[in-house]
Amino acid sequence: MIIVKETYRSRNDFKAVYKCELCGHEQEGWGYSDGFFYCTVMPNAICPKCGKNSKGETPEECKGRMGRDFYLDLR
Ligand SMILES: [Zn+2]
């Protein structure tokens, strides 16, 4: 998932509209402004619509490579 635009921020917590690079699905959700979130969580987060991350992996494939799967806090 990538960020389309930030919609709210309080210190390091923010809300943004995220977009799936694979299917184009857009959804607002929470984020935390640090390197782990930007470099690890976002590119590995599973899209709620197509079920894949930025690399095109399913949660099972992501678990096999990373040891866990990742999801954004979309609410
Ligand atoms: Zn998607």
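The secondary structure of the protein chain comes to 2 helices and 3 strands, counted as DSSP runs numbered from the N terminus (helices: H or I, at least four residues; strands: E, at least two). Starting at the N terminus, the order is β-β-β-α-α. This is a predicted model, where local features need pLDDT of at least 70, side-chain atom pairs count only at pLDDT 80 or more, and totals for chains, interfaces and linings use all residues. Residues are numbered from 1 along each chain as its sequence is written.

**Overall build**
- The protein chain has a radius of gyration of 12 Å, close to the 11 Å from the globule rule for 75 residues, so it is as compact as a globular protein of that length; the radius is taken over C-alpha atoms, and the rule is 2.2 Å times the number of residues to the power 0.38.
- Along the principal axes, the C-alpha atoms fill a box of roughly 35 × 25 × 15 Å.
- Of the 75 residues, 15% count as buried (20 or more other C-beta atoms within 10 Å of a residue's own, with C-beta atoms placed from the backbone).

**The sheet**
- The 3 strands make an open sheet in the order β1-β2-β3, with antiparallel pairing; two strands pair if DSSP finds at least two bridges between them.
- β1 (2-10) and β3 (26-32) sit at the edges with a single partner strand each, so one side of each has no neighbour in the sheet.
- β1 pairs with β2 (residues 13-19) in the antiparallel sense over 7 bridges.
- Ser-10 stands opposite Asp-13 in β2.

Definitions and conventions:
A residue is buried if 20 or more other C-beta atoms lie within 10 Å of its own, exposed if 12 or fewer, and partly exposed in between; C-beta atoms are placed from the backbone.
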